[in-house]
Amino acid sequence: MKKNRLLAALLTAAVILGSCGSSDSSSGTSETAPADKEATETTASAEDKPASEENAPTEFIPEAKNTQELILEVDTDPSHRDKRFVETADYAQLKETYKDKFYFGCAVSERVMGNNEYTELTVAQFNSYTAENAMKPDSGLDWKTAAKNPEFYKEHAPVNFNRFKNCLDYAQAHNMKVRGHTLVWHSQTPEEFFHVNYDKTSAFCDKELMLKRMENYIKDVLEWTNANYPGLIYAWDVVNEAIDDGSGMRKQSNWYKVVGEDFVAKAFEYARKYAAPGVKLFYNDYNAYQARKQRDILKVIKPIAEAGNLDGVGMQSHLGLYLNPNDFMKAVKKYHDELGCEIHITELDVGNDKKKVDDWEKKQADFMTRFFTALQKTIDEGVPVTSVTIWGLTDDMSWRQNEGALLFEMDLTKKPAFDAIIEAKK
Ligand code: G3I
């Protein structure tokens with residue numbers, strides 16, 4: 001029996017190793033960032049460009065990649081420890097080092113949750129958990145059941161919480177607080193959810209019906225999580241990526257198409273109505289530091305903050321070397337000045353096409369030194385940045401998997417960027 005488990009673990013490891021470096025982008029999800037390609041090209045070569053908004057390349061937008069989520073069999077026998085992992089127990093701890101400043105979080109995939117060594121490192125380093133994918137609308141919205149009885153489910157699609165439960169059980173068992181990601185997003189939300197009879201060949205719902213579906217989804221998620229895991233989730237990304245780069249609302253979003261511009265305000269209104277007291281409500285976006293985009297974001301969310309329905313801004317922070325961290329911190333401060341709210345750095349990774357830059361690991365580390373130094377200065381000046389999340393554990397599992405964007409190698413060796421963050425602590 002033990003032999004079989006070992007064999008299974010080895011086979012699984014071989015599958016993962018075989019999958020590393022693959023870049024199959026033929027996924028079923030509909031990530032729709034218009035500037036994807038441009039962003040990819042400019043980020044790789046823009047190191048020397050000034051960080052003015054005119055020249056700054058667009059932060060990475062998801063080009064959906066096949067990250068092949070595998071649920072690994074958990075083998076607790078230490079003699080079966082997979083030799084491709086290095087020992088990590090003596091690493092300094094990010095969460096401990098920065099505990100007087102902010103939550104230090106990680107985006108965790110189901111692949112990480114199914115593996116002992118990934119888990120050991122994750123829980124040693126981080127005290128905040130974001131589900132990389134498993135708490136997005138497409139993880140829970142059971143449109144297939146709704147489509148079987150569309151009259152009955154017309155205004156209220158059922159939600160299957162199995163994947164949410166796995167995430168929340170894991171976070172709770174490992175003493176990590178949770179950032180909920182995300183309630184309302186154009187991507188990773190079933191197309192069927194927006195259509196009459198949950199049939200994507202039918203017309204879009206009218207606005208009134210769509211808002212009912214939105215309200216019911218938000219209600220179900222917030223009430224279910226609070227009833228079953230009270231106090232575990234400290235913040236939710238209520239709306240993700242509603243604003244385009246430089247041209248106002250993201251017009252290709254189904255939410256915009258079906259509901260119109262006020263879908264953002266409505267989502268926050270419902271979230272406030274159903275969230276337990278103390279759960280913070282965030283607007284989350286990429287390129288949120290760029291001046292034009294910040295202007296457009298503020299235009300939409302300022303009235304929401306004034307209505308008392310917004311507690312914070314999530315700045316995703318998929319960055320490259322082109323960025324001057326001091327410019328980034330000016331934008332952080334501006335959100336606080338304008339809205340009086342908290343700021344979270346929600347999806348930090350710093351990548352580059354390693355083939356196009358010499359000495360990448362050192363450059364990434366230097367960037368982290370400057371970024372975390374500037375961040376602490378900003379906090380010390382009174383700006384409440386209360387959570388920082390790294391978007392993934394090891395480089396090979398990152399959505400930017402060929403860019404060396406994270407803090408650990410595939411075998412869990414810590415990178416100079418990790419040491420730089422530890423050493424930047426004042
Ligand atoms: O779950 C399916 C699996 O069933 C299937 O076998 C496999 C094969 O294609 O695909 C799996 O889905 C993939 C999913 O990740 C889980 O691995 C999707 O194809 C893939 O597109 C998806 O990518 C995620 C991406 O969001 C989708 O937009 C990334 O892992 C995730 O890191 C990324 O995260 C986003 C944030 O939520 C929002 N901000 C940008 C950020 C980076 O793109």
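Helix packing and buried residues in a predicted model

Analyst: In this predicted model, helix α9 (residues 207-228) packs with helix α11 (residues 263-274) at an angle of about 35 degrees, the two axes lying 9 Å apart. The crossing of α9 and α11 is right-handed.

User: What makes up the contact between α9 and α11?

Analyst: From α9 come L211, M214, E215, I218, K219, L222 and E223, and they meet F263, K266, A267, Y270, A271, K273 and Y274 in α11. Sorted by class, this contact has nine nonpolar and five charged residues, with no polar ones.

User: How do you know whether N216 is buried or exposed?

Analyst: N216, which is also found in α9, has 16% relative accessibility; the cut-off for buried is under 20%, and therefore N216 counts as buried. With residues up to four places away in sequence not counted, N216 touches E155 and H156.

User: Why is α14 described as roughly parallel to α15?

Analyst: The axes of helix α14 (residues 360-380) and helix α15 (residues 416-423) come within 8 Å and cross at roughly 20 degrees. Angles under 35 degrees count as roughly parallel, so α14 is roughly parallel to α15. The crossing in which α14 passes α15 is right-handed.

User: Which residues make the contact between α14 and α15?

Analyst: In α14 the residues are E361, Q364, A365, M368, T369 and F372, and they meet P416, A417, A420 and I421 in α15. By class, the contact of α14 with α15 has seven nonpolar, two polar and one charged residues.

User: What makes C106 and C167 buried or exposed, and how many disulfides are counted?

Analyst: The relative accessible area is 0% for C106 and 1% for C167; since buried means under 20%, C106 is therefore buried, and so is C167. A disulfide requires a pair of cysteine sulfur atoms within 2.5 Å, and by this rule the count comes to zero.

Conventions
Residues are numbered from 1 along each chain as its sequence is written. This is a predicted model: local features need pLDDT of at least 70, side-chain atom pairs count only at pLDDT 80 or more; totals for chains, interfaces and linings use all residues. Side-chain values use heavy atoms; hydrogens and water are left out. Axes are lines fitted to C-alpha atoms, for helices over the stretch in contact, and angles run from 0 to 180 degrees between N-to-C directions. Helices (H or I, at least four residues) and strands (E, at least two) are DSSP runs, numbered from the N terminus. Angles under 35 degrees count as roughly parallel, over 145 as roughly antiparallel, 65 to 115 as roughly perpendicular and the rest as oblique. A crossing is left-handed if the near helix is turned anticlockwise from the far one by less than a right angle, and right-handed if clockwise. Contact means heavy atoms within 4.5 Å. Ala, Val, Leu, Ile, Met, Phe, Trp, Tyr, Cys and Pro count as nonpolar, Asp, Glu, Lys and Arg as charged, and the others, Gly among them, as polar. Buried means under 20% relative accessible area, exposed over 50%, partly exposed in between (1.4 Å probe, protein chains only).
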